Amino acid sequence: MNIKLEKVIYVLNQRFKKDIISADFQIIPLQGGTVGNVYLVSGTAETAEGEILPYHIVLKIQKKWERYGDPGSWRREYDLYSSDLGAAFSEALRWPTCYYAEFNAEVNEYQLWLEYIDGVTGLDLTSEMYEKAARELGRFQGKLYALQPAVLRSLTNLSQEDLMKNTYLHYRSWPVVYDYIRSEDCELPLHVRQMLIDIDEQADEIFHRIEKLPLVLCHRDFWVTNLIYADGNIALIDWDTSGWGYLGEDLASLIADEPDIDHMIEHYQRCIPAYYKGFSEYSDVSRIADHCVYEIMLLVFGYRLVEGYLHTEADDEKRKHVQTLQKIYEMKTIPLIVTSG
């Protein structure tokens with residue numbers, strides 16, 4: 001990979017707010033998203049005063065690609081970082097600082113030079129960290145919903161509120177998964193199959209309820225590998241799917257997307273009240289009779305889990321998909337205490 005030293009030095013000037021005169025660097029690939037390339041750029045920098053500063057910076061390179069139902073998503077993170085949205089975050093929930101953003105229209109590619117945050121992520125997150133993430137997400141969305149800052153009106157490249165619905169309908173129209181859960185060859189437990197069939201039959205009524213919920217700015221990929229817990233705060237990465245969605249969409253992802261299966265029930269019980277408590281600090285939620293997180297989990301992940309079950313040959317992966325569906329099934333009868341304060 002070819003990176004010019006002059007660019008690294010420019011980025012380091014932004015990073016340290018000092019006059020960097022020289023630097024060395026090495027580049028290591030990190031696990032990126034579906035289509036982006038992510039690298040850790042690290043080394044030492046020297047200031048004009050002779051100070052030696054070690055550093056780590058994340059470089060994300062994103063080329064143009066097409067996501068179903070959301071054609072602008074490939075460049076959304078660049079657009080968001082180029083906006084004033086960063087001012088809406090708090091220390092408790094924020095995205096990594098962007099030191100430099102560059103867009104190359106000739107090849108439809110952008111680069112983001114981002115803050116490296118070393119913390120706990122993925123399935124190493126504890127239940128307390130899940131709850132913290134849910135509460136701070138509620139506060140963030142509640143603040144934007146209540147205050148409606150001008151930056152929200154300036155964000156032109158956001159996914160639309162019907163993305164979840166259209167994605168579900170797209171999955172439901174796919175015979176591979178739709179016909180499978182209704183076939184005699186289906187190996188999923190009967191009650192799990194019936195749960196998915198019931199959602200299909202009730203989908204119109206469920207979406208009618210969901211669409212009465214507050215419309216908020218959603219991350220739409222709010223799962224554990226995009227959360228970094230450090231120094232008691234939450235950093236949230238990968239904003240390319242973000243846009244307008246309904247209250248609870250992101251929470252469904254936190255609980256059900258590649259979950260900690262052994263603690264799914266606990267996360268459901270802890271995170272929903274925490275989320276609503278955070279949101280209610282800025283906006284009254286007392287009139288919301290149905291949070292719909294259970295239904296959103298099934299609409300978003302039900303057929304995805306069936307697809308994963310069908311397209312993996314590994315027994316442990318198949319078992320994980322079935323266990324996730326089973327845990328969602330169990331959530332339906334779990335009482336929750338959701339308060340407005």
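**Entry 1: charges**

Lys and Arg count as positive here, Asp and Glu as negative, while His and the chain ends are left out. With that settled, I looked up the charges of the protein chain in this predicted model. I noted 33 positive and 54 negative charges, and their mean positions are 4 Å apart.

**Entry 2: the whole chain**

Next I asked myself how many helices and strands the protein chain has. I found eleven helices and twelve strands. The radius of gyration came to 22 Å, close to the 20 Å that the globule rule gives for 341 residues, so I wrote down that the chain is as compact as a globular protein of that length. I also looked up the extent of the C-alpha trace, which spans about 70 × 45 × 35 Å along its principal axes.

What share of the 341 residues counts as buried? My note says 51%. I then turned to contacts between residues at least 6 apart in sequence: 70% of them join residues at least 24 apart.

**Entry 3: a record to go with the model**

**Entry 4: Ser42**

Is Ser42 buried or exposed? Buried means under 20% relative accessible area, and Ser42 has 6% relative accessibility, so it counts as buried. Setting aside residues up to four places away in sequence, I listed what Ser42 touches: Asp24, Phe25, Gln26, Tyr55 and His56.

**Entry 5: Leu125**

My last stop was Leu125. Where is Leu125 found? I located Leu125 in the loop between strand E8 (120-121) and helix H3 (127-147). Leu125 has 6% relative accessibility, and therefore I put it down as buried. Apart from its neighbours within four places in sequence, Leu125 is in contact with Val120, Tyr130, Val224, Leu227 and Tyr229. I took a second look at Tyr229: Leu125 and Tyr229 are 104 residues apart in sequence, yet their C-alpha atoms are 7.6 Å apart in space.

Methods: Residues are numbered from 1 along each chain as its sequence is written. This is a predicted model: local features need pLDDT of at least 70, side-chain atom pairs count only at pLDDT 80 or more; totals for chains, interfaces and linings use all residues. Side-chain values use heavy atoms; hydrogens and water are left out. Helices (H or I, at least four residues) and strands (E, at least two) are DSSP runs, numbered from the N terminus. The radius of gyration is taken over C-alpha atoms; the globule rule is 2.2 Å times the number of residues to the power 0.38. Buried means under 20% relative accessible area, exposed over 50%, partly exposed in between (1.4 Å probe, protein chains only). Contact means heavy atoms within 4.5 Å. The place of a charge is taken as NZ of Lys, CZ of Arg, CG of Asp or CD of Glu.
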